[in-house]
Amino acid sequence: MFTHYFKYCILYIAIVFTGLLHAQNTAIGRIVDEKTNRPVSGVEIFINDQPSSYLTTVSGNFSVKTDTIIYKLRFSKKNYSPETVEVTPENAADILVKLSSEKISNIEEVVINNQKTKFKNKKENPAYRIMQEVWKRKRNNGLEKFDTYTFKEYEKIQFDANNLDSAFMNRKIFNKLDFIFDYADSTANGKMALPVFLNESIYHNFGENKPSKRDKKLLVAQKTSGFQDNQVVTLTAKNLYRDINIYDNTLNYFDIGFPSPVGTDGFSVYDYNLIDTVSVRGENAYKIRYQPRRTEVLAFQGYLFIDTDSYAILEATLKSTNKINVNFINAISTELEYDNPDDETFLPKKVVTAIEMTPFSKKKTAKSIIARRSVDYSDYEFNKPLADSVFTRRKEEYDADFVDKDETYWSQARPDSLSKEEKGVYEMLDKLQQTPKFNRIVKLYETLASRYYNITKGIDLGPITSVYGKNEVEGDRIRIGARTYFGQNDPWRIEFYNAYGFKDQQFKYGVEGRYMFNRVNRFMIGAGTKRDITQLGVQLTTEDGILSRSFASSTVFARGENASLSSVNQTSFFTSIEPWKNFQVRVDGTLQSIKSANPSGFNLMYYQDGNLRKTTNDSRVTLSLIARPGAKFSQTGVDRYEHGTLAPTIVLKYTRGIEGLFNADFNYNKLQFMFYKPIILGNLGKTFLSFEAGKTFDTVPLALQNIIPGNQSYGIVPNTFAQLNYYEFVADTYTTLHIEHHFNGKILSFIPLIKKLKLREVAFIRGAYGSLSDAAKNINVEGFRYSAPNEQIYYEYGFGIENIGFGNIRLLRVDFNWRGNYLDRPDISKFGIKAGLQFNF
């Protein structure tokens with residue numbers, strides 16, 4: 001018995017001794033801020049008296065394990081006082097390190113003043129010294145520093161009808177709809193606000209920075225108040241908003257650049273005033289008020305809350321001025337909250353943006369819609385392994401019922417419960433859905449937005465904007481079209497149209513069908529045929545769809561006579577797929593015959609093997625590679641709705657003409673490239689850049705050549721040359737460049753009286769260069785008439801005035817165009833005025 005007792009004692013001593021050795025070789029614990037008790041990451045840990053750090057933490061927790069005994073740990077982080085901890089067997093498994101903020105000695109004492117103070121220069125302003133420290137520690141989004149990350153995003157969008165009064169509520173339009181005002185609430189100005197729309201969405205975000213950079217935003221739940229079948233409203237709501245970073249120099253609202261109050265050039269736009277120190281979520285913060293120096297510019301006013309120790313932005317408010325020059329917008333306000341895990345990064349915590357929209361007037365009492373979006377970010381996790389399958393697009397993600405969740409799910413998933421008014425939106429919209437009058441109003445809105453009118457389930461008439469047109473050959477032209485439409489996610493669609501010209505007394509038609517097999521990679525096939533009068537030569541990198549709108553039918557008023565129209569019979573087949581997100585591979589097979597629609601005024605005849613031909617027969621195959629990096633789409637059917645972004649469009653096309661196939665006349669090879677990109681240039685405005693280049697490697701007649709796009713209409717047509725006649729320049733090798741800059745009223749806002757009109761200025765320049773071989777000229781009967789801009793670069797320049805209108809409806813734009821060279825040609829236009837409507841902010 002004693003022997004057994006002795007063995008147990010030896011075993012017990014061995015276990016204890018082993019544990020003590022283990023404890024001395026391993027240290028585990030956490031690091032927090034002494035003041036806030038929040039975890040601190042990015043801390044260097046030194047073992048014993050070693051001169052170099054053993055590791056740098058990526059979170060508030062740490063674990064150190066070595067082959068030697070650990071008796072001391074030293075913790076070091078910028079802007080914190082170093083901390084040393086003695087490691088013993090008793091504390092080795094649970095070490096708590098509290099770091100205290102190091103006092104900044106290189107910033108002078110600041111004086112707090114609640115009044116707006118004028119300083120001789122910015123260096124006298126104490127707010128300037130604070131902002132300098134903010135700029136020194138300019139933070140980046142913390143998601144960029146981790147190998148992997150995941151987080152949850154809860155988004156809520158609500159529309160409220162604002163400034164309602166009894167006179168408005170008693171109008172005839174609300175007959176049989178007056179029950180909706182039972183859900184209205186009084187506002188601070190004594191008027192009524194009525195919630196009319198509510199959309200909730202939950203996203204799971206996944207990202208990887210190493211070894212490769214990729215991310216995924218997965219919509220896992222969505223709930224919309226009564227508009228599940230009316231997605232135009234939902235999509236319009238989501239398209240109003242952009243993600244912003246307060247540390248950027250420029251903030252993107254509606255794809256318009258606003259100067260950030262935290263940007264390094266903020267003092268050129270804003271006046272800053274340090275007014276107080278306050279507590280923000282338990283941390284001391286400077287409260288700085290800022291406001292624009294000139295109220296006519298696109299800028300904000302509001303407050304910045306800056307941590308007194310780390311100079312991190314804890315919160316910020318941004319509110320537009322009363323003179324904001326944005327169409328349909330009366331006011332914008334944003335509230336931002338950030339977490340700051342270390343000195344170099346931030347993490348979004350909450351963003352709330354409210355936009356007041358109205359087409360009526362800028363008055364505060366105008367009837368308007370308040371569109372409010374709040375986003376809560378939570379459940380951040382970092383550096384956890386993510387399987388490749390996380391980033392793979394899966395079929396179930398595109399099914400309609402994938403985002404359908406019951407109320408139990410929503411009550412647990414919401415960061416805060418819905419208010420009584422928000423719950424009332426769902427109840428009210430459910431009642432409205434049963435009201436015929438309301439459905440008629442929604443149908444009118446959808447008709448205007450989509451350009452199609454629904455006549456019965458599954459059938460839409462339209463586009464309504466293509467019903468009437470006029471040209472030299474057809475005279476007055478009527479076009480009636482229709483499409484199948486059962487919902488926004490239809491996997492197949494058939495479209496057709498019939499047209500009639502009252503001058504040529506000819507019927508035209510077009511029909512196309514498309515079917516999508518897979519919503520994930522958008523594998524699709526389609527076919528179509530048409531017989532129509534078309535204005536060729538108005539687009540270099542042409543669209544391949546059969547039902548792409550004919551330019552001839554849209555030219556109602558034009559300068560000079562235009563007889564250069566073609567009669568086209570065309571049949572096409574295509575297949576396309578997206579092997580990667582926003583990258584499409586498309587193959588088109590096309591059979592067509594082209595001849596002049598007006599032989600007496602436009603000659604398309606050519607020589608082939610000594611014979612004179614008037615019809616060009618063409619069989620071709622086209623391979624297109626189309627990239628849209630950063631583009632965002634809604635809907636998963638054959639047609640998608642694209643959200644407004646600054647995403648570029650990159651197109652590479654190769655076309656092979658095959659002689660003899662279905663009586664085709666020519667073998668040829670053509671290569672084309674197009675690049676288009678909108679670019680925000682800080683508070684200087686936005687530039688649109690468009691570049692195209694191409695080459696036809698073989699001799700082809702005029703009907704198949706590259707035509708530098710002219711524009712003889714009085715309308716503004718993108719990527720065309722306003723002062724060129726149709727077919728004035730023909731090239732088998734070409735390059736074109738269009739640069740258009742919108743100043744957003746920055747220049748005109750300096751001019752007294754004119755600035756009250758809220759007009760905006762546009763400047764542009766366009767250029768084209770190319771060559772045309774002698775063989776390409778000689779093949780055409782009238783080839784001597786055609787040439788390329790090879791002597792010098794052809795260019796046009798000019799300026800435009802946009803935002804013309806009244807109140808909040810400012811849709812008209814007028815351009816003044818000058819032709820830069822090739823001025824000795826007959827029948828040219830050296831100067832021209834174009835006008836058009838722009839439906840943008």
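How many bridges pair strand β1 (residues 26–33) with β4, and in which sense do the two strands run? They pair in the antiparallel sense over five bridges. Here are some notes to read beside the model.

1. First, the ground rules. This is a predicted model, in which local features need pLDDT of at least 70 and side-chain atom pairs count only at pLDDT 80 or more, while totals for chains, interfaces and linings use all residues. Residues are numbered from 1 along each chain as its sequence is written, and side-chain values use heavy atoms, with hydrogens and water left out.

2. The β1–β4 pair belongs to an open sheet of three strands, ordered β4-β1-β7, with mixed pairing. Strands here are DSSP runs (E, at least two residues), numbered from the N terminus, and two strands pair if DSSP finds at least two bridges between them. Because β4 (61–65) and β7 (95–99) stand at the edges with a single partner strand each, one side of each is left without a neighbour in the sheet.

3. A second open sheet has four strands in the order β3-β2-β5-β6, and its pairing is antiparallel. Its edges are β3 (55–56) and β6 (83–86); each has a single partner strand, so one side of each lacks a neighbour in the sheet. Strand β5 (residues 72–76) and β6 are antiparallel, with four bridges, and F75 faces E83 in β6.

4. Strands β17 (residues 300–307) and β18 (residues 313–320) run antiparallel and are joined by five bridges, with Q301 opposite K319. The two form a hairpin with five residues between them, and Y311 in the turn has a positive phi of about 55°. β18 also pairs with strand β19 (residues 329–339), in the antiparallel sense over five bridges; there, E315 has E337 as its bridge partner.

5. For the surface, have a look at a nonpolar patch of about 820 Å², whose residues include Y453, I455, Y468 and F502. Patches are made of residues with over 30% relative accessible area and no salt bridge; nonpolar side chains (Val, Leu, Ile, Met, Phe, Trp, Tyr) are joined within 5 Å, and like charges within 9 Å. Areas come from the Shrake-Rupley method with a 1.4 Å probe, and for residues only the protein chains shown count as cover. Y468 sits in strand β24 (residues 468–471) and is partly exposed, at 37% relative accessibility. On this scale, buried means under 20% relative accessible area, exposed over 50%, and partly exposed in between (1.4 Å probe, protein chains only).

6. The whole structure holds 37 salt bridges, each being a side-chain nitrogen of Lys or Arg within 4 Å of a carboxyl oxygen of Asp or Glu. One of them joins R493 to D639, with the closest N and O atoms 2.6 Å apart. R493 lies in strand β26 (residues 492–501) and D639 in the loop between β34 (633–634) and β35 (641–642), so the pair ties together parts that are 146 residues apart in sequence. R493 is buried at 3%, whereas D639 is partly exposed at 27%.

7. Strand β44 (residues 809–819) deserves a visit too. Its R819 meets E728 in a salt bridge (2.4 Å, N to O); R819 is buried at 4%, and E728 is buried at 8%. A salt bridge also links E740 and R813 (3.0 Å, N to O). E740 is in strand β41 (residues 733–742) and R813 in β44, so this pair connects parts 73 residues apart in sequence.
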